[in-house]
Amino acid sequence: MNGMDGRLRDLLDAAVGEPPHQVTAEAVRRRVIRRRVVEYVAGAAAVVVIAVIALTGVRTLGHTHRPAPATRPHPTARIITSRHYHYAEALPAGWRLAGQATQRWDGTGSPGDQDPQSDLFLGPGGVEAWAMAAPTRENLAAYTTTVIWASNNVHGCPVPVTQPSQAITVGGAPARLLAFQCPAGSGFLVELAVTVHDGTGFVFGSQNRSGTKASDRAAFREWLAGIQL
């Protein structure tokens, strides 16, 4: 038994780091306290690591499920399609549709802005535009002459036109731009854009009932640029 007790004491001495035969109660107490401190520190560190992982996970989940910020919708062009005449108009800023034609034009006469055969649009500063179309067998030059004479007969606009006609395009098609004073010498400007596309003659007019302004012609050209045939 004494031999076994000696071996146990040697093993205990080696475990606590004291030389053989020099283990005291105080040394054992210090080793126990030191071990408990180490275990406490290790446990506290484990708690901190777990807390950091949990917090990181919460933040990650928050970023994963956070809704995307609202974006401002892109403005879209206001496109008007004519019920009777089947052209489309991408309205520039400041323009709006006042009303579509309630009757289809038969190609005779020279309907104005207030006639039921005209699609009517209102623009900035009181300028307005109207549109009508009808089948024709004439080419652009002949159709332009027809429109000029009809405008003179119905509205008293002068023949020839106040200014030479200008070659332009409307909806990608060759066109002529006419300028009148109606009645002659009044200073009241009326413009007509004339084109022929796939056997249909189109007439687009513009005026300002409140009195002609320097900006009216530019506004009408901007409106014409939105036409799609």
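Which pattern does the protein chain follow when read along the sequence? The order is α-α-β-β-β-β-β-α-β-β-β-β-α-β. In total, the secondary structure comprises four helices and ten strands. Helices (H or I, at least four residues) and strands (E, at least two) are DSSP runs, numbered from the N terminus.

The model is predicted: local features need pLDDT of at least 70, side-chain atom pairs count only at pLDDT 80 or more, and totals for chains, interfaces and linings use all residues. Residues are numbered from 1 along each chain as its sequence is written, and side-chain values use heavy atoms, with hydrogens and water left out.

The protein chain has 229 residues, and 34% of them count as buried. Buried means under 20% relative accessible area, exposed over 50%, and partly exposed in between (1.4 Å probe, protein chains only). The accessible surface is about 14,000 Å². Carbon and sulfur atoms contribute 60% of that surface. Areas come from the Shrake-Rupley method with a 1.4 Å probe; for residues, only the protein chains shown count as cover. Among contacts (heavy atoms within 4.5 Å) with a separation of 6 or more, 49% join residues 24 or more positions apart.

Two residues were examined for backbone angle. Most residues other than glycine have a negative phi. His86 is not a glycine, yet its phi is positive, at about 65°. His86 lies in the loop between strand 1 (78–81) and strand 2 (88–91). His86 counts as exposed because its relative accessibility is 59%.

Asp198 also has a positive phi, near 55°. Asp198 sits in the loop between strand 8 (189–197) and strand 9 (200–208). With a relative accessible area of 71%, Asp198 is exposed.
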